[in-house]
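Subject: Structure for you to look at, with notes

Dear colleague,

I am handing over the structure below, and I would be grateful if you could read the notes that follow with the model open beside them.

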Amino acid sequence: MAESRSVRELALGVLVRVARDGAHAAPLVDARGRDLPPRDRDLLRALVKKTLRGALRLDHVLARHLRQAPESLDAPVLAALRLGAAQLLLMDRIPAHAAVGETVAAAQAFAPKAAGLVNAVLRRVAEKETRPGAVLLPAGADPVRRLALETSHPEWLVARWVAAFGAAAAGAALAADEEDAPMDLLADPRVGTPEEIVAVLAKDGVEAVRSPWAPLALTVTGGVGAQHALVASGALAVIDVAAQAMVELVAAADVVADLAAAPGGKTRTLLATGRARKVVALERTPSRARRLAANLAAAGRREEVLVVRADAGRAPLPRNRFASVLLDAPCSGTGTLRKNPEIRLRLKPEDLTGFAETQRRLLSAALELVAPGGTLVYVTCSLEREENEDVVDSLLQVWPEFARVVPDAAGLPVPLAEAVAPDGTVRVLPGATHDGFSAIVLRKETLR
Ligand SMILES: C[S@@+](CC[C@H](N)C(=O)[O-])C[C@H]1O[C@@H](n2cnc3c(N)ncnc32)[C@H](O)[C@@H]1O
């Protein structure tokens, strides 16, 4: 029973599932926090988020008080130490005695034999370390290592981003991963114009403003958006503003094929913006296909979408027929590290090859569907070249009838236009207001 467990114990339970089973934190936090009073729910969310975001930095501090490397500890022990250290060093309002005492009590439930160790180490951290876990490296330390520790990202990823985007842009993207993401909404015309929706929300104490990223994008700036009836009922979808912007690249068509569609953010944006009158939405995972259908029903848009549960690599759809195709491919998610901080802890450079193989398979099948003269937009929430430019370029070698299109900046929202590189690759780095994405538009030449 959630009520009989302390918030620390619930948080530790989530952290252990994330570490042991490769679970995603956000849905677990939502599920376990559902029956808690709002204050405890917020605390649960903050504990998990701060611990996962700060884990690599916290490990560096913890190592000073351990006889073994933190990563060699059992998952529940390391999770408890990180949870305690996060409260001591990264969360302002938690007194040290509560951080240590309640974390040790939670550790009893998951690693009773190690509770003494957790207690001793956390006491030393409370005594010897200064908030917010300062003095990480001596002066003169390698700048990539320093940036990695200061922003709590894996060093290999920081080195890649610095090399690919430059130190300043990489530093800004890494810093953005530390910030809480605002809630963004899609102002579906079924509900009202953006102005009408802003007014309805305001009447109920939820402030929202229009975002420059996409025509129907709203950002909640005050109040509890999630509790508003329009959001809770699913009539208004929560969709990152840059995710909505990706749909601006999709050519308008009577029917758009959306080949990796759950939970339906881009399907809904396609319909709401009028880029598609109907959508054929594929999703391979049964539970996610059901969720997609339910989300569309909540939006009153179920009739406009044919949901097909199928592998997009073998799509049961007619070849050469779709004037507009969207493939929002499964990926490493390096553009979404603030919302999915656990990715920082588990992603390895070699994983990119596996993602790229899947992406090549799905894109190859997607290209088959495009009608002569039609376009395909390939999108990922990864910033990595291997999952984007390299995937597309390798396929263009065997599909000479396709060519990259440089999106016309004049027709795009300003922040999106600014993200278009000369070769047409769209790369949005994560920022304070949005997640990171990459996109490439391809056109199939008309057959002669
Ligand atoms: C990046 S998410 C899509 C997000 C979605 N387009 C949106 O905007 O809400 C990728 C989706 O592709 C699905 N997927 C993964 N492999 C697939 C495959 N072979 N065929 C179809 N869908 C697949 C995943 O289950 C996941 O729901």
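I begin with V307, which lies in strand β7, residues 305-309; strands here are DSSP runs of E of at least two residues, helices are DSSP runs of H or I of at least four residues, and both are numbered from the N terminus. V307 is buried because 21 other C-beta atoms lie within 10 Å, given that a residue counts as buried with 20 or more other C-beta atoms within 10 Å of its own, as exposed with 12 or fewer, and as partly exposed in between, with C-beta atoms placed from the backbone. Leaving aside residues up to four places away in sequence, V307 touches A281, A289, L292 and A293, where a contact requires that the two C-beta atoms, placed from the backbone, lie within 7 Å. A329 is 22 residues from V307 in sequence, and the C-alpha to C-alpha distance between V307 and A329 is 17 Å.

Please keep in mind that this is a predicted model, in which local features need pLDDT of at least 70 and side-chain atom pairs count only at pLDDT 80 or more, while totals for chains, interfaces and linings use all residues. Residues are numbered from 1 along each chain as its sequence is written.

As for the chain as a whole, it has 18 helices and 12 strands, and its C-alpha trace spans about 75 × 50 × 35 Å along the principal axes. The radius of gyration, taken over C-alpha atoms, is 23 Å, which agrees with the value near 22 Å that a compact globule of 448 residues would have, the globule rule being 2.2 Å times the number of residues to the power 0.38. Of the 448 residues, 48% are buried, and among contacts between residues at least 6 apart in sequence, 70% join residues at least 24 apart.

The chain is divided into domain 1 (2-128), domain 2 (143-176) and domain 3 (241-444), with bounds that come from an automatic or database domain assignment. The centres of domain 1 and domain 3, taken over C-alpha atoms, are separated by 36 Å, and the contact takes 10 residues from domain 1 and seven residues from domain 3. On the side of domain 1 that touches domain 3, the elements giving two or more residues are α2 (25-33) and α3 (38-63), and α3 provides the largest share, five residues. That side divides into six nonpolar, two polar and two charged residues, where Ala, Val, Leu, Ile, Met, Phe, Trp, Tyr, Cys and Pro count as nonpolar, Asp, Glu, Lys and Arg as charged, and the others, Gly among them, as polar.

Within α2, the buried residues are A25, V29, R32 and G33. They lie on the same side of α2 because they cover an arc of only 90 degrees around the axis, the arc being that of the directions from the helix axis to the C-beta atoms. These buried residues pack against α1 (7-21), α3 and α15 (342-346), whereas P27 and A31, on the other side of α2, are exposed.

Turning to the ligand, 19 residues surround it, and the closest are A260, G265, R284, A312 and D328; a residue is near a molecule if its C-beta atom, placed from the backbone, lies within 6 Å of it. The elements that give two or more residues to this shell are α13 (265-272) and β6 (276-283), and by class the shell has nine nonpolar, four polar and six charged residues.

A cis peptide bond, with omega about 5 degrees, joins A262 and P263, and P263 is found in the loop between β5 (253-258) and α13. S152, in the loop between α7 (143-151) and α8 (155-165), has a positive phi near 55 degrees although it is a residue other than glycine, and S152 is buried, with 25 other C-beta atoms within 10 Å. N320, in the loop between β7 and β8 (322-328), is not a glycine but has a positive phi of about 55 degrees, and N320 is exposed, with 12 other C-beta atoms within 10 Å.

With kind regards
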